[in-house]
Amino acid sequence: MLNVRRHDHPHACGSRTIMRILVTGAAGFIGSNFVRYILNQHPSCTIVSYDALTYAGNLENLKNLPKNHHFVHGNICDSELLTKTIASFDVQQVVHFAAESHVDRSIMSTEPFTQTNIVGTQRLLDAAKAANIQRFVHVSTDEVYGSLSLNDAPFTEDHPIVPNSPYAASKAASDLLVRSYIKTFDFPAMITRCSNNYGPYQFPEKLIPLMVHNARNGKSLPVYGAGDNIRDWVHVSDHCAAIAMVLTRGELGEVYNIGGNRELTNIDIVKKIIHHCGANESLIEYVTDRPGHDFRYAMDIQKINTTLGYSPCMSFEDGLASTIEWYKQNDTWLTTVMSGEYRQYIKEQYQ
Ligand code: NAD
Ligand code: TDX
């Protein structure tokens, strides 16, 4: 039985109030949702968003924020700029989202994944360590645990780290670097591992926004393999709430799984999207499977539930309906992110 989530109000943070926080990868999907979540929950804190603005980063995602939000255009591999930024804003806490995040791109070309996810994380750790940061949350993924079969129990935090894609391997390497800094330098970090997110501002290369866009525009819906792969879906607002709990109340050195307690096959999701968008199932196209495609992810979230009171609030049905509505209302946002680079990627991936 899971605890029901407590309201994440500033007073719930005890003495560890969020004051001056550096958010890497803040112009991406989850990072930008997290920045808005924190500014809403903790209006007097200072947030420094740090982002290289790769194809996945977009300043539109950080529009209309208050004066206590600052943006620094920078790469996490740039040690000098990191050190300068942390010092000039007197940063106390770091939440590290910045990453190359798309599995299919890691199969096309691994180099950006090793650079950003491994080297970038190491440089950020060094800058944060030198500045005596108080708390550091490393945002990781369920994919580091590898893949489950149908009858396996969900991943716990003690599951072996056995990543299968270059993306997952680069995230696993970054997790292990964080772990080594905790053990070797008593570095004040925590690691979160979350399942598949969906919600507003997600880049349309990922399953749900891609299918919503294609279904609305009468384009084919490319389902890998037989469509029976399973993911554990969580709305981005629940993920953000969980990270805020870990940032303010998590125990240093610990790993926390986060998930949505909602396993669905890809084909089920695609059919739900077709239904919502009033499209036709004839748009479904079964295409060549992803190489090394993980069959199933599922998270055991007992630890974060019993220690910090997290449980997902958003049902998949409500979350999907509001996400589709958001994409309908934000056609301009979609047009902006669908730049030349995006079109070239889609051409290479689905040719
Ligand atoms: P995203 O691709 O939407 O955003 C990544 C952001 O990082 C972008 O704004 C990009 O510009 C920035 N970035 C990339 N390389 C950078 C660099 N070298 N220096 C500075 N900034 C850089 O990704 P997302 O889906 O928001 O994921 C955020 C984090 O959460 C990642 O670490 C990812 O591994 C993790 N995660 C994602 C999911 C998911 O379902 N999307 C699930 C679990 C964990
Ligand atoms: O066109 C597609 N067709 C398809 O069948 C795409 C883009 C995906 N899929 C399948 C592959 C997966 O089984 O849908 C499932 C979800 O795919 P993605 O959205 O690419 O996510 P996934 O590979 O599961 O990884 C995601 O969750 C964990 C995020 O992208 C990662 O950043 C996160 O760590």
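Let us begin with Tyr201, which sits in the loop between β7 and α6. Please bear in mind that this is a predicted model. Is Tyr201 buried or exposed? With a relative accessibility of 17%, Tyr201 counts as buried, because the limit for that class is under 20%. Once the neighbours within four places in sequence are set aside, the contacts of Tyr201 are Phe29, Ser32, Asn33, Arg36, Glu60, Asn61, Trp326, Tyr327 and Trp333. In sequence, Tyr201 and Leu334 are 133 residues apart, yet from C-alpha to C-alpha the distance in space is 8.9 Å.

I turn now to the ligands, starting with ligand 1. Which residues are closest to ligand 1? The shell around ligand 1 consists of 29 residues, and the closest are Ile30, Asp51, Ser101, Tyr167 and Lys171. Two side chains deserve mention here. An N or O atom in the side chain of Asp51 is 2.6 Å from an oxygen atom of ligand 1. For the side chain of Tyr167, an N or O atom is likewise found 2.6 Å from an oxygen atom of ligand 1. The backbone takes part as well: a polar backbone atom of Thr54 is 3.0 Å from an oxygen atom of this ligand. On its own, ligand 1 has 840 Å² of accessible area, and the protein covers 96% of that. The elements that give two or more residues to the shell are α1 (29-41), β5 (135-141), α5 (166-185) and β7 (196-198). Of the shell around ligand 1, the largest share comes from β5, with 3 residues.

Next, ligand 2. The side chain of Asn196 places an N or O atom 2.9 Å from an oxygen atom of ligand 2. From Ser101, the contribution is a backbone N or O atom, which lies 2.8 Å from an oxygen atom of the ligand. Of the 650 Å² of accessible area that ligand 2 has on its own, the protein covers 94%.

Let me move to one helix, α8. This helix runs over residues 266-277, which makes 12 residues. From its first C-alpha to its last, α8 reaches 17 Å, close to the 16 Å expected at 1.5 Å a residue. Which residues of α8 are buried? They are Asn266, Ile267, Ile269, Val270, Ile273, Ile274 and Cys277. These residues lie on the same side of α8, because they cover an arc of only 160° around the axis. As a general point, an α-helix has 3.6 residues a turn, so residues three or four places apart point the same way. What covers the buried residues of α8 includes α6 (207-216), β8 (221-224), β9 (230-235), β11 (263-265), β12 (284-287) and α10 (316-329). After α8 comes Gly278, with a positive phi near 65°.

Three further residues complete this presentation. The place of Met190 is in strand β6, residues 189-194. Met190 is buried, with a relative accessible area of 0%. Between the C-alpha atoms of Met190 and Thr46, which are 144 residues apart along the chain, the separation is 21 Å.

How accessible is Glu254, and which class does that give? Glu254 has a relative accessible area of 27% and is partly exposed. Residues up to four places away in sequence not being counted, Glu254 touches Ala189, Met190, Ile191 and Lys303. With Lys303 there is a polar contact from side chain to side chain, at 2.6 Å.

Finally, His69 is found in strand β3, residues 69-73. With a relative accessible area of 13%, His69 is buried. Not counting residues up to four places away in sequence, His69 touches Val35, Leu39, Ile47, Ser49 and Leu62.

Terms used
Residues are numbered from 1 along each chain as its sequence is written. Chains are lettered from A and ligands numbered from 1 in the order in which they are written. This is a predicted model: local features need pLDDT of at least 70, side-chain atom pairs count only at pLDDT 80 or more; totals for chains, interfaces and linings use all residues. Side-chain values use heavy atoms; hydrogens and water are left out. Helices (H or I, at least four residues) and strands (E, at least two) are DSSP runs, numbered from the N terminus. The expected span of a helix is 1.5 Å times one less than its number of residues. Buried means under 20% relative accessible area, exposed over 50%, partly exposed in between (1.4 Å probe, protein chains only). The arc is that of the directions from the helix axis to the C-beta atoms. Contact means heavy atoms within 4.5 Å. A polar contact is a pair of N or O atoms within 3.5 Å; within protein, one must be able to donate a hydrogen and the other to accept it, and residues adjacent in sequence count only if both atoms are side-chain atoms. Accessible areas come from the Shrake-Rupley method with a 1.4 Å probe; for residues, only the protein chains shown count as cover. A residue is near a molecule or strand if one of its heavy atoms lies within 4 Å of it.
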